[in-house]
Amino acid sequence: MKFFVDTADIDMIRDLDAKGMVDGVTTNPSIIAKSGRDFIEVIKEICDIVDGPVSAEVTATEAEGMIVEGKKLAEIAPNVAIKVPLTWDGLTACRALTRDGHMVNVTLCFSANQALLAAKAGATFVSPFVGRIDDMAYDGMDLIAEIKQIYDNYPALETEILVASVRTINHVRQAALIGADVATVPPQVLQSLAKHPLTDAGLEAFLADWQKTGQSI
């Protein structure tokens, strides 16, 4: 499973990329706004660091505007994935932009039916929001399993499942077990994947035993 990092924190992206943990990056207007920087400038800088897809979201709500904005975003760098919402206008824009050879990430997916429509429209990625579904007292990972089954039923559908709104390490584990293509993960969740109390206890014991020997390497 590929890891995308869900952040606009340049230093964090550099650090995780150096560790080989970044296959791509996802952003949205809210994330960019928190950085306090120019939108285009931030996307360009991220694209210069990361070889994989970098999702940049349109703000228009009508198809024509999305297409115009999407083409402008695609000019930033060849690895920009244009992010559009899962609406009829978004699907129309997705179809037009993918036909022009651009990567498109269809976001704000909350049902298997929506994911099927995104794939039919030629989306490169579809982003189901598991955390927000959990907030509604449903299991967001059930949706990932449903989408995976539907896509597997029809090999002609080439859209990748990009698990979004990831909040816990269990979301990541379950996504990998189901066979999702990508999980876009906040940096703090990605870093938490390496943590385990038994690892810490084992390391502490090894170091204590080594110290007793009085040796050095």
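I looked up F4 and F125 in this predicted model and found both buried.

**Aromatic pairs**

I searched the whole structure for aromatic pairs, and the search returned 2. F4 and F125 form an aromatic pair, with 5.6 Å from centre to centre and 75° between the planes. I noted this pair as edge-to-face. I then checked where the two residues sit: F4 belongs to strand β1 (residues 2-6) and F125 to strand β6 (residues 125-128). They are 121 residues apart, and the pair links distant parts of the chain.

Next I took the rings of F110 and F129. The cut-off for edge-to-face is over 60 degrees. F110 is in the loop between β5 (103-109) and α6 (112-120), while F129 is in the loop between β6 and α7 (130-135). These two residues are 19 apart, and this pair also links distant parts of the chain.

F110 has a relative accessible area of 36%, so I put it down as partly exposed.

**Helix α4**

I checked the length of helix α4 (residues 63-74) next. Its 12 residues, at 1.5 Å a residue, should span 16 Å, and the end C-alpha atoms are 16 Å apart, which agrees.

Which residues of α4 are buried? I listed A63, M66, I67, G70, L73 and A74. They cover an arc of only 125° around the axis, so they lie on the same side of α4.

I then looked for what covers the buried residues of α4. The cover includes α3 (39-49), β3 (54-57), β4 (80-85) and α5 (88-99).

**Whole chain**

I counted 11 helices and 8 strands in the chain. Taken along the principal axes, the C-alpha atoms fill a box of roughly 70 × 40 × 30 Å. Of the 217 residues, 45% are buried. The chain exposes about 11600 Å², and carbon and sulfur atoms supply 53% of that area. I also looked at contacts between residues at least 6 apart in sequence: 57% of them join residues at least 24 apart.

Key. Residues are numbered from 1 along each chain as its sequence is written. This is a predicted model: local features need pLDDT of at least 70, side-chain atom pairs count only at pLDDT 80 or more; totals for chains, interfaces and linings use all residues. Side-chain values use heavy atoms; hydrogens and water are left out. Rings of Phe, Tyr and Trp (its six-membered ring) pair if their centres lie within 6.5 Å; planes under 30 degrees apart count as stacked, over 60 as edge-to-face and the rest as tilted. Helices (H or I, at least four residues) and strands (E, at least two) are DSSP runs, numbered from the N terminus. Buried means under 20% relative accessible area, exposed over 50%, partly exposed in between (1.4 Å probe, protein chains only). The expected span of a helix is 1.5 Å times one less than its number of residues. The arc is that of the directions from the helix axis to the C-beta atoms. Contact means heavy atoms within 4.5 Å. Accessible areas come from the Shrake-Rupley method with a 1.4 Å probe; for residues, only the protein chains shown count as cover.
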